[in-house]
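Trainee: Before we start, could you take me through this model step by step, letting me ask about one part at a time?

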Amino acid sequence: MGNTPAEAGGKATTMTTSAQLHLVSPGLRSVTTSTQVLDCFVDHEVLGPTQVARELGVAKSTAHQMLTSLANGGLLERTSSGRYRLSLRLFDYGQLVLDRLPIRRLARPALVALHKQVGHVVQLGLPANGYVIYVERFGHDPLRPQISGEWMRKVGGYASSAGRAMAAADPAIERATLAVPMVRHTPQTVTDPARLRRILARARTDGWVCSVDESVAGFTSIAAPVRDRAGAAVAAVSVVGPSAKMVSHRTDSLVRALLGAVRRIGHQCDEYGDG
């Protein structure tokens, strides 16, 4: 399987310079500049032509023209102050990406079966430049707002069992995960890179990994990677619930169920082919 759309998440660390833009055709140059303008909104809720011009190193008139074009195309909307923000049309595009992810569709039967077997919430996470995007979730356990808020949002892979599972299985994901700024969410959150590397090394041996009270106090998750035919991690399945309930659950039986689920999903992906 190739890279998932989620792996394109995050703002580019470098931007094409004005000199480089002159090396491409006018049509491609316009597309590239439009992409750069949209990237500016990753870190800013609203922007005006002056700020965009400063961000991109272009003339204010050029920035104004691009903002107007994107607004006319429905990708931006103009505020009452004359500045711009991302429009809900981009959400529509994002929803289409989610709905059309083959792995999400292929994983559903195994996720539903796993939830019924273990009785806890199960999630499917995809790698996104050191973060995890949860694109599917099954279960009705009462989850705190902090946990529910992770749905369809990027969370740091370093404190997530899903992120750790994928990082342990793929050197590129590991490097990206270790490069993410590590914030201590609870007193239990591991933010020391050396300690995290030891956790990942153990996960490579065990084939699964856990996170206890690290993202949100009182919640534990256990995860394992979904691998493609070549052995690369393309996703992770995690089981999450209140720590008291998770600890009382026989870990060995939970892990067996989890590993069985990721194997079934991996086989489904192999049969489907690249997707």
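Trainee: What percentage of the residues of the protein chain count as buried?

Mentor: The model is a predicted one, and a residue is called buried when its relative accessible area is under 20%. Taken over the 275 residues of the protein chain, the share that counts as buried is 43%.

Trainee: How many helices and strands are there in the protein chain?

Mentor: Runs of helix need at least four residues and runs of strand at least two. Counted in that way, the protein chain holds 12 helices and eight strands.

Trainee: Is C40 buried or exposed?

Mentor: C40 belongs to helix 2, which covers residues 26–40, and its C-alpha lies 9.2 Å from that of Q51, a residue 11 places away in sequence. The relative accessibility of C40 is 0%, and because the cut-off is under 20%, C40 counts as buried.

Trainee: What is the orientation of helix 3 to helix 4?

Mentor: Helix 3 (residues 49–56) packs against helix 4 (residues 60–72) with the axes 8 Å apart and at an angle of about 110°. Angles of 65 to 115 degrees count as roughly perpendicular, so helix 3 is to helix 4 roughly perpendicular.

Trainee: Which residues of helix 4 meet helix 3, and what is the handedness of the crossing?

Mentor: From helix 3, the residues P49, T50, V52 and A53 take part, and they meet K60, A63, H64 and L67 in helix 4. By class, the residues of this contact are five nonpolar, two polar and one charged. The crossing of the two helices, helix 3 and helix 4, is right-handed.

Trainee: How is helix 8 placed relative to helix 9, roughly perpendicular or oblique?

Mentor: Helix 8 (residues 161–169) and helix 9 (residues 171–179) have axes 5 Å apart and pack at an angle of about 130°. Since 65 to 115 degrees count as roughly perpendicular and over 145 as roughly antiparallel, the placement of helix 8 to helix 9 is oblique.

Trainee: Which residues make that contact, and how many of them are charged?

Mentor: Helix 8, which passes helix 9 in a left-handed crossing, contributes G163, M166, A167 and A169, while helix 9 contributes P171, I173, E174 and T177. Divided by class, the residues of the contact are five nonpolar, two polar and, as charged, one.

Trainee: Which residues does R184 touch, leaving aside those up to four places away in sequence?

Mentor: R184 sits in the loop between helix 9 and helix 10 (193–206). Its C-alpha is 8.1 Å from the C-alpha of E214, although 30 residues separate the two in sequence. With residues up to four places away not counted, R184 touches T189 and T191.

Note on methods: Residues are numbered from 1 along each chain as its sequence is written. This is a predicted model: local features need pLDDT of at least 70, side-chain atom pairs count only at pLDDT 80 or more; totals for chains, interfaces and linings use all residues. Side-chain values use heavy atoms; hydrogens and water are left out. Buried means under 20% relative accessible area, exposed over 50%, partly exposed in between (1.4 Å probe, protein chains only). Axes are lines fitted to C-alpha atoms, for helices over the stretch in contact, and angles run from 0 to 180 degrees between N-to-C directions. Angles under 35 degrees count as roughly parallel, over 145 as roughly antiparallel, 65 to 115 as roughly perpendicular and the rest as oblique. A crossing is left-handed if the near helix is turned anticlockwise from the far one by less than a right angle, and right-handed if clockwise. Contact means heavy atoms within 4.5 Å. Ala, Val, Leu, Ile, Met, Phe, Trp, Tyr, Cys and Pro count as nonpolar, Asp, Glu, Lys and Arg as charged, and the others, Gly among them, as polar.
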